[in-house]
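Biologist: Before we go through the side chains, could you put the sequence and the structure up for me?

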Amino acid sequence: MTSAAQKRKGPGREHQFVNAQGSEVKTRDEAFAVQREVSAEAVQVTQKMALHNQALTFDMEVNYNPNTNAITGGRITSGICGAPWDITGGSIGSSLRIDAKRPGTGGNCAATVTIIGQFQVPLSYRGTYGFNGQSTTFNCVTQLVC
């Protein structure tokens, strides 16, 4: 062993322990401890979005888990008959799918809407949307709003 290696490994040198997330911890037990489960609600981001069809704009607040890209909820707040609508699921990433349901029943408004799209630059999704089980009825662009 070289003298440089002996100095690095020599007495008095403390061990560094790092957990699975890359954070330094104090003990070996902490480094190898099973990580506690994190609920979906604990890892959630809200992204404002706007769907544009030449005739209208739907404003949305989409909640999603950035680790899994799963949409966990949110609302379509305006621009759609019977607003606000509850976003019930979907995904966001290289492609977009938003499923939403209108609260309540009756009237002349549809009960559900499905929005789909493919990511493009600048930050938006080009795609289609439709009502009551359809997703390709109308062309649209859904933009991320900063």
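Biologist: Is phenylalanine 119 buried, partly exposed or exposed?

Modeller: This is a predicted model, in which local features need pLDDT of at least 70, side-chain atom pairs count only at pLDDT 80 or more, and totals for chains, interfaces and linings use all residues. Residues are numbered from 1 along each chain as its sequence is written, and side-chain values use heavy atoms, with hydrogens and water left out. Buried means under 20% relative accessible area and exposed over 50%, with partly exposed in between (1.4 Å probe, protein chains only). Phenylalanine 119 has a relative accessible area of 36%, so the class is partly exposed.

Biologist: Which geometry does the aromatic pair of phenylalanine 119 and tyrosine 125 have?

Modeller: Rings of Phe, Tyr and Trp (its six-membered ring) pair if their centres lie within 6.5 Å, and planes under 30 degrees apart count as stacked, over 60 as edge-to-face and the rest as tilted; the count comes to five aromatic pairs. Tyrosine 125 is buried, at 4% relative accessible area. Its ring and that of phenylalanine 119 are 5.6 Å apart centre to centre, with 75° between the planes, and the pair is therefore edge-to-face.

Biologist: Which residues does cysteine 81 contact, leaving aside its neighbours within four places in sequence?

Modeller: Cysteine 81 is found in the loop between β5 (71-78) and β6 (85-92), and at 42% relative accessibility it counts as partly exposed. Contact means heavy atoms within 4.5 Å. With those neighbours left aside, the contacts of cysteine 81 are Arg102 and Cys109.

Terms used: Helix = DSSP H or I, 4+ residues; strand = E, 2+ residues; numbered from the N terminus.
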